[in-house]
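Q: Please pick one part of this structure and take me through it close up. I'd like to see how it sits among its neighbours.

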Amino acid sequence: MTDTDQPAAQPGPAKTRWGDRVGRRRDILAAARTQMADHGYLGLNMRDIASGAGVSPGTLYSYFATKEEIFATLYAEAIVAHNERLQPICDDATDLEELLVDVITAHLDLHGTYGRYFSLWAALAVDGATGGNGEPAGLPEDLTASLRQATLDQGRIVTGALRRLVPGPRRAGEQRRRIALVWSVMIGVAEQLHTERHHLSQVGSDELIRFAAHTVAAGFLANADDQ
């Protein structure tokens with residue numbers, strides 16, 4: 001047993017058995033998730049994550065090369081959990097406006113913790129970006145694939161409900177345009193409610209979500225009638 005594999009002798013999470021890489025990885029992500037909840041993406045710090053997980057910085061780097069990789073891993077897991085929440089909402093929906101209210105509301109939680117930092121994280125993770133050690137901050141291929149698949153699954157879940165609740169024939173590309181608009185509205189509402197802008201509008205969260213859902217639903221249904 002080496003020092004780098006020994007949990008630090010300090011108060012914190014329950015010690016993971018030495019040699020349990022799955023458990024050690026889980027501890028690291030739990031520590032990072034706590035940092036994200038408390039301080040956001042900008043507050044992620046590799047040394048603090050190592051301390052919170054009860055491992056040495058060297059051990060941490062054997063699991064994750066950069067904080068961008070940790071963020072992407074947490075984000076992918078959060079999207080999967082969000083999809084599990086979204087699936088029954090979309091499967092059981094019988095009214096378009098109510099569906100949109102529920103979808104926009106559900107997105108607020110995901111956006112509040114991760115979405116606000118997505119653009120910044122993406123800028124750091126693209127080709128040519130560098131991590132804190134000066135090395136490229138590109139993500140492992142399997143992680144990139146997980147992020148892409150989780151995002152595609154989210155689109156599939158919502159699109160299925162839209163297809164069922166918006167009647168009539170469809171123009172080519174109509175579903176792509178609909179889901180793009182729904183994403184734009186979800187992000188816009190979340191940005192409005194999670195930033196200082198909400199102090200300027202004097203519109204409450206429930207009122208804004210309902211107005212957005214009503215406006216989009218009315219547009220979709222009117223457009224369907226015209227086809």
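A: First, the terms: helices are DSSP runs of H or I with at least four residues, strands are runs of E with at least two, and both are numbered from the N terminus. This is a predicted model, where local features need pLDDT of at least 70, side-chain atom pairs count only at pLDDT 80 or more, and totals for chains, interfaces and linings use all residues. Residues are numbered from 1 along each chain as its sequence is written, and side-chain values use heavy atoms, leaving out hydrogens and water.

Helix 1 covers residues 21-39, 19 residues in total, and spans 27 Å from first C-alpha to last. That is close to the expected 27 Å, which is 1.5 Å times one less than the number of residues.

Which residues of helix 1 are buried? Gly-23, Arg-24, Asp-27, Ile-28, Leu-29, Ala-31, Ala-32, Gln-35 and Met-36 are, buried being under 20% relative accessible area with a 1.4 Å probe, protein chains only. Those buried residues pack against helix 2 (46-53), helix 3 (57-61), helix 4 (67-92) and helix 5 (96-113).

Now look at Gln-35, which belongs to helix 1. Gln-35 has a relative accessible area of 10%, so it counts as buried. Leaving aside residues up to four places away in sequence, Gln-35 touches Gly-40, Gly-43, Leu-44, Asn-45, Asp-48 and Ile-49, a contact being heavy atoms within 4.5 Å.

Key:
Buried < 20%, exposed > 50% of the residue type's maximum accessible area, 1.4 Å probe, protein only.
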